Amino acid sequence: MTTKILIDTDPGVDDAMAILFALRSPELEVLGLSAVYGNTDVEYTAQNALRLVELEGNQHIPVAQGAARPLINPLRNKGQQVHGVDGMGGTNPPPPKGKLQAMTAAQLIIETARAHPGEIVLVPVGPLTNIALALRLEPRLPELVKEVVIMGGVARPPGNASPVGEANIVNDPHAASIVFNAGWKLTMVGLDVTMKTVMTPDYLESIRQAGNPATELIFSILPFYQAFHNQVYGMGGAIHTHDPSAIAYLINPALYHTQELPVFVETEGHCAGQTVPDPRRQWEGVPLINVCLEVDPPGVLDLFRQRLTSA
Amino acid sequence: MRKFWIDTDTASDDAVAILMALRVPGISVEGISVVSGNVPVEMGFQNARYTVELCEKNTPVYLGLARPLLRQPSYAYFFHGPDGMGGMNYPPSKAPIETRPAVEALVEAVRAAPGEITLVTLGPLTNIAVALQIAPDLAQKIPMCYVMGGAAACLGNMTPAAEFNIWVDPEAARMVFHSGIPLLMVGWEHCRGAANLDQVNQAYVRSLHTLYADFTLDCNASAIKANQEWLGDPGLALPDPVTMAIALDPAVCTRRNKHFVDVEIHSELTRGMTVVDELGVLNQPANVEVCWAIDVARWKETLYQVLR
């Protein structure tokens, strides 16, 4: 029994790793990619999404371009320092052969959900702008999708985009507030687990040796990402496992310890983008979120390596 | 033939504004998109459809967004009556129902006729904000957007600081104001005082003895009462028709200037306040034209000519 998913994404080095991970996992059927700004401008992320489906013969998967900026706040575009202006580690790969869908990302999300009512898992791994727009355009979306698994947020700061905020939420806190409050089952795969799952240089080298199109692409774009992690966190060539963690959770949730917690999304001020857990239920009207708090890092890393190195 | 698109949360004064655009010669209304505002979107949809049928037109009416972007809906039954139409309980229109979503229909219409379709908004700006977010090119393809909303003089009706349309969805208003779309803000203050239809004006409208004149007064029965009891303003205030009059005849607006205008989204006290930097003290690029004064006689004549 495969799980039908739609990935909303801003590729992005770790997005690329997550998408290839998903495409190479028999448990998952990727029904579409919707692109959003985030790690870089949406014109790049949409083209990168096309490249990723074409890389290993998945060009039948529709790709739609979505929001170019947050709902209300200005575009930060800080991700370019992490992923390169092209979102592909500054490698400027040749243009993809395929074409984007005529419809916008929010429409692709809605159409896909309507075509498979109750079956789709939405997997947003970028800012939540497209999902928020889809929710307003189709108020029945929470009934049409099975659940939502996001890479984003942090229950126990520090964050990576502010002292209290994770980048995807900080990029569009208003959209995140809409998505968290939509009344659907939402799992937060946040920094609490993604930063505990570290890909070391030795581990990465063991994947590189597979020498397939997926690993070749990943290792061409990875140096820029590794350099950022070294510059900011002094990781000496190691990287955190952000977006691939959402895919690992989908394939094997047992790798994560989760807790249902009320989580409030702050939209204003210095702490905008903070995902505040309320374990003592001291606030009313705060949505219950399934929060990943602990992870089995070797389990996640083994799973990722197995999928990326298989023929 | 000028092309219009009307975005509306159709209750009583919206209906009169729609009637004006449909009845005046030289205007082709390409579509009407309905949004949650005065009344729930389905009710506004029925009211808009009824108004189109009353005018014997085939103008497509599209169902739009059912709630504000972030805020909970709040309706204005207290002002417009339980059906939004003064309790007249008009029958549903028999016209075929458009199934295309309003935002999609608006985006397609504008892209099919770039630079040709003037937008007139009479409700909260949720539909327009979402349209501009999924299709930012619309900001360059709409030559002018006339917005009934806000209060440049800080004279609110929903709160002391805010006018209803902007207050209902301040985030949407902020998105639209900063989208780059050419925009004339017609504030709520321009329907008050001398711009009201006073007893004499109302008697004149009734004396016209036309279907449209009677409709204008009948569907606004609750509004007339609420305006007097709640705002202490005797007479019928018609914010949406004033805005429509300016869209139809820009000379109705006698003084307009472009300023930096922002919408308050953070505060509780001043939520939805339209902050106009009249003196330019913030040194920000001007983004919104503000209507500062109207020709009251000309506005009323613009209304009367479609009611006769």
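Is the crossing of H4(A) and H5(A) left-handed or right-handed? I opened the predicted model with that in mind, and I noted the crossing as right-handed.

**Helix pair in chain A**

I looked up how helix H4 (residues 105-115) and helix H5 (residues 129-137) of chain A pack, and found an angle of about 60° with the axes 8 Å apart. Next I listed who touches whom: H4(A) brings Ala105(A), Ala106(A), Ile109(A) and Ile110(A), while H5(A) brings Asn130(A), Ile131(A), Leu133(A), Ala134(A) and Leu137(A). Sorted by class, this contact has 8 nonpolar residues, 1 polar and no charged ones.

**Sheet in chain B**

I then traced an open sheet of 9 strands in chain B, with mixed pairing and the order S3-S2-S1-S4-S5-S6-S9-S7-S8. Strand S3 (61-63) and strand S8 (274-277) are its edges, each pairing on one side only. From one strand to the next, I have the twist averaging 30°.

I zoomed in on S1 (residues 2-8) and S2 (residues 27-34) of chain B, which run parallel and are joined by 7 bridges. Thr8(B) has Val34(B) as its bridge partner in S2(B). Helix H4 (residues 102-112) of chain B lies across S1, S2, S3 and strand S4 (117-121), and runs at about 150° to S2(B).

**Where the chains meet**

Last, I checked the contact between the chains: 14 residues come from chain B and 14 residues from chain A. On the chain B side, helix H5 (126-134) and helix H8 (170-177) each supply at least two residues. I sorted that side into 10 nonpolar, 2 polar and 2 charged residues.

How values were computed: Residues are numbered from 1 along each chain as its sequence is written. Chains are lettered from A and ligands numbered from 1 in the order in which they are written. This is a predicted model: local features need pLDDT of at least 70, side-chain atom pairs count only at pLDDT 80 or more; totals for chains, interfaces and linings use all residues. Two strands pair if DSSP finds at least two bridges between them. Helices (H or I, at least four residues) and strands (E, at least two) are DSSP runs, numbered from the N terminus. Axes are lines fitted to C-alpha atoms, for helices over the stretch in contact, and angles run from 0 to 180 degrees between N-to-C directions. Two residues are in contact if their C-beta atoms, placed from the backbone, lie within 7 Å. Ala, Val, Leu, Ile, Met, Phe, Trp, Tyr, Cys and Pro count as nonpolar, Asp, Glu, Lys and Arg as charged, and the others, Gly among them, as polar. A crossing is left-handed if the near helix is turned anticlockwise from the far one by less than a right angle, and right-handed if clockwise.
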